Amino acid sequence: MPPNPPSRPSKELHVFPNPAPERDYVIQFQVPEFTCHCPLTGQPDFAHFTIDMIADQYCVELKSLKMYFWSYRDEGAFHEKVTNTILEDIVKVTNPRFIRITAKWYVRGGIYTNVVVEHRKKGWKPQPRVDLPAHGFESGLLR
């Protein structure tokens, strides 16, 4: 074995303490290359996952999340099932205040499928939204 063997797919998600548990803030993960295959036909399925999460005491560690998503590559899974399973697995290890997973599945048979799942921690109330005035884009270049 080389001293640093290549990473392998894994269903094990790792966490670390939230560095700012006193405030709500959004952590967003983009997973544009998710793959699994259709459990009926065996054909490959591709999706772009967006995970928006407001952590409580724990955050999910990025490399373990990458290896977790990789672990689905050779599995057959219906779009709805795999999206809900991913939500459940992340909730199990992080117990976030809020998480929304949006899976945008690439076209199959002329149909795009989007699956959106959410979890809210019991008793959690989001902070009111603050709308700020919009300003034009400034590049620092003279016009």
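Buried means under 20% relative accessible area, exposed means over 50%, and partly exposed lies in between (1.4 Å probe, protein chains only). The model is predicted: local features need pLDDT of at least 70, side-chain atom pairs count only at pLDDT 80 or more, and totals for chains, interfaces and linings use all residues. Residues are numbered from 1 along each chain as its sequence is written, and side-chain values use heavy atoms, with hydrogens and water left out.

**Exercise 1. Classify Phe98 and Trp124, then describe their ring pair.**

Step 1. Take Phe98. Its relative accessibility is 8%, so Phe98 counts as buried.

Step 2. Take Trp124. At 15% relative accessibility, Trp124 counts as buried.

Step 3. Recall the rule for rings. Rings of Phe, Tyr and Trp (its six-membered ring) pair if their centres lie within 6.5 Å; planes under 30 degrees apart count as stacked, over 60 as edge-to-face and the rest as tilted. By this rule the count comes to nine aromatic pairs.

Step 4. Start with Phe49 and Trp105. Their ring centres are 5.9 Å apart and their planes stand at 75 degrees, so this pair is edge-to-face. Phe49 lies in strand β3 and Trp105 in strand β5, so the pair ties together parts 56 residues apart in sequence. Phe49 and Trp105 are both buried.

Step 5. Now compare Phe98 and Trp124. Their centres are 5.9 Å apart and their planes make 25 degrees, which is stacked. Phe98 lies in strand β5 and Trp124 in the segment after β6, so this pair joins parts 26 residues apart in sequence.

**Exercise 2. Which residues have the most contacts inside the largest nonpolar core?**

Step 1. Define the core. It is a set of buried Ala, Val, Leu, Ile, Met, Phe, Trp, Tyr and Cys residues joined through side-chain atoms within 4.5 Å.

Step 2. Read off the residues. The largest core has 29 residues, and those with the most contacts inside it are Phe34, Phe49, Phe69, Ile86, Ile90, Ile101 and Trp105.

Step 3. Trace the elements. β2, β3, β4, α1, α2, β5 and β6 each give two or more residues to this core.

Step 4. Find the ring cluster. Phe34, Phe49, Tyr68, Phe69, Tyr72 and Trp105 form one aromatic cluster.

**Exercise 3. Contrast the salt bridges Asp56-Lys121 and Asp89-Lys92.**

Step 1. State the rule. A salt bridge is a side-chain nitrogen of Lys or Arg within 4 Å of a carboxyl oxygen of Asp or Glu. The count comes to 10 salt bridges.

Step 2. Examine Asp56 and Lys121. Their N to O distance is 2.3 Å. Asp56 is in the loop between β3 and β4 (58-60) and Lys121 in the segment after β6, 65 residues apart. Asp56 is buried at 12%, while Lys121 is partly exposed at 23% relative accessibility.

Step 3. Examine Asp89 and Lys92. Their N to O distance is 3.9 Å. Both lie in helix α2, three residues apart, about one turn of the helix. Asp89 is buried at 17%, but Lys92 is exposed at 66%.

Step 4. Widen the view. Asp24, Asp56, Arg97 and Lys121 are linked in a network of salt bridges.

Key:
Helix = DSSP H or I, 4+ residues; strand = E, 2+ residues; numbered from the N terminus.
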